[in-house]
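I opened the model and made notes as I went. The entries follow in the order in which I looked things up.

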Amino acid sequence: MTGEAVPERVGRKPALMAAILGAVLVGQFFHTVVDRNRWPFCSNNMFNRTLPRRFPQLRIRLRDGDEWTGLRQVYGLMPLEFFRVVDIFAVILLENQDEELKDRFCRTILRRLNTRPWAAFDEVGRSERPTHPRGFTGLEVLMVTVDVADYRMADDGPLYDHQVLYRCEAD
Amino acid sequence: MRRKLSDILFRQADAADRLPLVRVSLGAAVLRTIVQMPPGSFFAEHQDTVMAVRQRGDRAVRLTAFQFNALRLLSLASVGLWTIGVRHAAVRATAAASFAVLNGYVAQFHPRLWSYNSHLNLFLCAATAVDTTKWLSVGKRPPVASTKDEAQLQSLALTAMQLGSAAIYSQAGLSKILHGKVRWMSQGTTLKGALAVLGTPAGHRLSANDSLMRALSVVTVAGEAAFLPLLVTRWKDRRLIALGAIAFHLATKRLLGISFWHLWALYPALFIVAAPGGDRR
């Protein structure tokens, strides 16, 4: 920067590029206002809704060989960021009405868990690992309600209003 | 103000010296992002499940596992070469284009939510459009006369990444104001719920304090929304502002477990580390 000196004139190409930068920034804020993401434009709307004190959450149970596990988070079922996993499960099991697709989805999830586990990274959860030689043979997805007034992270409870959304058994 | 904005956009004296640092840190962040992507087989096996239920009218490309992995390799190679300072136009264009297709594909897998890292694509486009090899580069650098236009473009590329980073915070704050409304701050329940359910043990403990949750909610929204105007109006304090942003991310990581590393990892190069020719005005 040149202080009090008269600055050099801005060239045509830099001026054009600056206009493009301005347009991109306007595009970004437009997507914030309409609350929509359209890659590569991002609304950056993380955590922008006001949560009530009680809100629904997904939980799963896996059948490890012949035994069903306790309730677990859904995060370790896909090698994606935890919030994407939750939303994908909501779309497939709540919004989609195609039962055959739901079944195919759950079987695909189980197959990868049993054959190609993955490590945790950043917001991606570590894959659920079976302990039985036959691997995971079933998946149950539930909707539960969390009340932040009494929720304990240590034992993931209490959870209210259990509702089974889908149950798939691979054998 | 107009003169100040023009100076920020076109006349950052340390741009040519700062850009090599930015190139290395941005390249490293992009490479790490590519390495951590799920394998091509994952996307391929969900083409008839997740990709089949995307919004109507969606005509996105579907890649086989081989195609995805090949694209990933191409992106790794070209971004890697650019990061170490290979300045050939074909390398720069391939790096920006291949990462755009690759990261866009990962986002389109489930377009309603994605990793919110498309700033890496926008920044890579800006950084590969100019020469970033004044130093920190491999091979013999041919003498290049820095024209007035090139110097202004280098400054503009740097500014695009600096203001682009700041805009993310202001968008996040604005989004909470517009869509969470005043009760987002007055109730503090979003922060409380997020810390209680998603948070680390330290975050979970803090979530029990309702007054603190309300106060932190107000501070978060105010700090986020004010970020872009604050950076522009207090440009000489940009190093301090960037340090504050890093502190915010570290606190978020400590309490909520969310790092957003692919943004703040660029701040030392973009704002903090002193580069030759730089000023603090």
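Domain bounds, as I use them here, come from an automatic or database domain assignment. On that basis chain A is divided into domain 1, residues 10-49, and domain 2, residues 54-169. I note at the start that this is a predicted model.

**Entry 1: the two domains of chain A.** I took the centres of domain 1 and domain 2 of chain A over C-alpha atoms and found 35 Å separating them.

**Entry 2: elements and overall form of chain A.** I counted three helices and four strands in chain A. Read from the N terminus, the order of elements is α-β-β-α-α-β-β. Next I asked whether chain A is spread out or compact by the globule rule. The radius of gyration is 23 Å, whereas the rule gives 16 Å for 171 residues; the value is well over the rule, so chain A is more spread out than a compact globule. Along the principal axes, the C-alpha atoms of chain A fill a box of roughly 80 × 40 × 35 Å.

**Entry 3: burial and contacts in chain A.** I found that buried residues make up 29% of the 171 residues in chain A. I then took the contacts in chain A between residues at least 6 apart in sequence, and 55% of these join residues at least 24 apart.

**Entry 4: the interface.** How many residues of chain B are in contact with chain A? I get 64 residues of chain B, in contact with 57 residues of chain A. Several helices of chain B each supply at least two residues to the side that touches chain A, among them helix 1 (2-10), helix 5 (89-108) and helix 9 (201-206). Helix 7 of chain B gives the largest share of that side, 21 residues. Sorted by class, the side of chain B that touches chain A has 30 nonpolar, 21 polar and 13 charged residues.

**Entry 5: nonpolar cores.** The largest nonpolar core has 87 residues, and B:Val22, B:Leu124 and B:Ala157 touch the most other members. From chain A, the core draws at least three residues from each of domain 1 and domain 2. I looked up the neighbours of B:Ala157, leaving out residues up to four places away in sequence: B:Ala157 touches B:Leu19, B:Ala126, B:Ala127, B:Ala129 and B:Val130. I also found a second, separate core of eleven residues, which includes A:Tyr151, B:Leu191, B:Ala194 and B:Leu195.

Terms used:
Residues numbered from 1 in each chain as written. Chains lettered and ligands numbered in written order. Predicted model: local features only at pLDDT ≥ 70, side-chain atom pairs only at ≥ 80, totals over all residues. Contact = placed C-beta atoms within 7 Å. Nonpolar A, V, L, I, M, F, W, Y, C, P; charged D, E, K, R; others polar. Rg over C-alpha atoms; globule rule 2.2 N^0.38 Å. Buried ≥ 20, exposed ≤ 12 C-beta atoms within 10 Å, placed from the backbone. Core = buried A, V, L, I, M, F, W, Y, C linked by C-beta atoms within 7 Å.
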